[in-house]
Amino acid sequence: MLIKDHLAETGEVLFRWRSFVLTVFIPIVAYATWQGEIIELNLGEIAGDIYETFCILLVISGLALRAYTVGHVPAHTSGRNTKGQVAESLNTTGIYSAVRNPLYLGNALSYVGVALYPQWIWVGVAMAVVLVLYFERIIVAEERFLLGKFDTEYQDWAARTPAFFPNLRNWQAPALPFSWRSVVRREHPTWLGAVTILYLLELISAVVENEPIAGETGWHILFVTAILGQLTVMVMKKKTAFFRVEGR
């Protein structure tokens with residue numbers, strides 16, 4: 001088997017399990033948190049707060065990039081499908097005019113932000129290395145599918161558009177207007193997941209530092225709000241058509 005075919009076959013497997021594969025990092029990140037906040041211990045509380053703020057901003061930037069991407073795409077593209085590749089049309093405008101894989105770029109920013117949060121740089125570096133290998137294979141699999149379906153249209157787009165690092169000089173206005181309802185319908189599980197993992201890391205950190213968990217008031221409020229928001233959206237999706245947008 002050719003190497004490119006091997007990468008694509010591996011990518012197909014990773015694509016189907018992409019919602020779960022990186023959960024193997026959760027115990028690693030939790031372990032790093034349990035070892036204490038090394039930056040704060042060595043450089044002081046202010047330095048630790050600045051560092052954690054940077055990590056949170058990385059996570060938020062990744063979520064924001066995903067939201068912007070999803071808010072402009074038509075139905076049956078850029079989805080959460082896991083059983084197989086789906087693409088009824090080729091997205092080439094908006095963020096897709098600058099980068100071919102904006103959702104994976106958004107995921108990478110958020111994943112690295114979470115991995116760096118415990119203040120042990122090696123965890124973030126390890127995550128970044130794994131992501132390179134991980135996304136490379138998934139992208140190869142997706143490219144094989146898209147090339148087979150869209151042929152020269154895909155080749156022309158790929159020739160002018162970077163795979164992962166955006167080139168904003170290529171920018172074209174999105175073909176569809178932004179739909180926040182579509183974003184909420186499709187992205188609310190991702191938001192809850194990000195809040196939950198950061199919340200749990202904060203609780204572990206509080207225990208390690210012998211601080212009262214009850215004192216993490218802001219994080220408690222954020223987590224409860226995220227849970228209530230998740231339940232509200234789930235009920236509204238099931239009982240109403242509020243988040244359904246035609247063509248999205």
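Author: We begin with the word contact, which means heavy atoms within 4.5 Å. Helices (H or I, at least four residues) are DSSP runs, numbered from the N terminus. This is a predicted model, in which local features need pLDDT of at least 70 and side-chain atom pairs count only at pLDDT 80 or more, while totals for chains, interfaces and linings use all residues. Residues are numbered from 1 along each chain as its sequence is written, and side-chain values use heavy atoms, with hydrogens and water left out.

Reader: Which residues of α5 and α6 meet?

Author: From α5 come Tyr104, Asn107, Ala108, Tyr111, Val112, Ala115 and Leu116, and they meet Ile121, Val123, Gly124, Met127, Ala128, Leu131, Phe135, Ile138, Ile139 and Glu142 of α6. Sorted by class, this contact has 14 nonpolar, 2 polar and 1 charged residues, where Ala, Val, Leu, Ile, Met, Phe, Trp, Tyr, Cys and Pro count as nonpolar, Asp, Glu, Lys and Arg as charged, and the others, Gly among them, as polar.

Reader: At what angle do the axes of α5 and α6 cross?

Author: Axes are lines fitted to C-alpha atoms, for helices over the stretch in contact, and angles run from 0 to 180 degrees between N-to-C directions. The axes of α5 (residues 102–116) and α6 (residues 121–150) cross at roughly 160° and come within 8 Å. Angles under 35 degrees count as roughly parallel, and those over 145 as roughly antiparallel, and α5 and α6 are therefore roughly antiparallel to each other.

Reader: How do α2 and α6 cross?

Author: The axes of α2 (residues 25–34) and α6 cross at roughly 165° and come within 10 Å, which makes α2 roughly antiparallel to α6. Phe25, Ile28, Val29 and Ala32 of α2 make this contact with Trp122, Val123, Ala126, Met127 and Val130 of α6, and by class the contact has 9 nonpolar, no polar and no charged residues.

Reader: Are α2 and α8 roughly parallel or roughly antiparallel?

Author: The axes of α2 and α8 are 9 Å apart and the helices pack at an angle of about 30°, so α2 and α8 are roughly parallel to each other. Ile26, Val29, Ala30, Thr33 and Trp34 of α2 meet Ile197, Leu201, Ile204, Ser205, Val207 and Val208 of α8, and these residues divide into 9 nonpolar, 2 polar and no charged.

Reader: Which residues line the largest cavity?

Author: On a 1 Å grid over the protein atoms alone, a cavity is a set of points where a 1.4 Å probe fits but cannot get out, and lining residues have an atom within 4 Å of a point. The lining of the largest cavity consists of Thr33, Glu37, Tyr117, Pro118, Leu201, Glu202 and Ser205, and its largest share, 3 residues, comes from α8 (residues 180–208).

Note on methods:
Helix = DSSP H or I, 4+ residues; strand = E, 2+ residues; numbered from the N terminus. Parallel < 35°, antiparallel > 145°, perpendicular 65-115°, else oblique. 1 Å grid on protein atoms, 1.4 Å probe; cavity = no way out; pocket = protein on both sides within 12 Å on 5 of 7 lines; lining within 4 Å.
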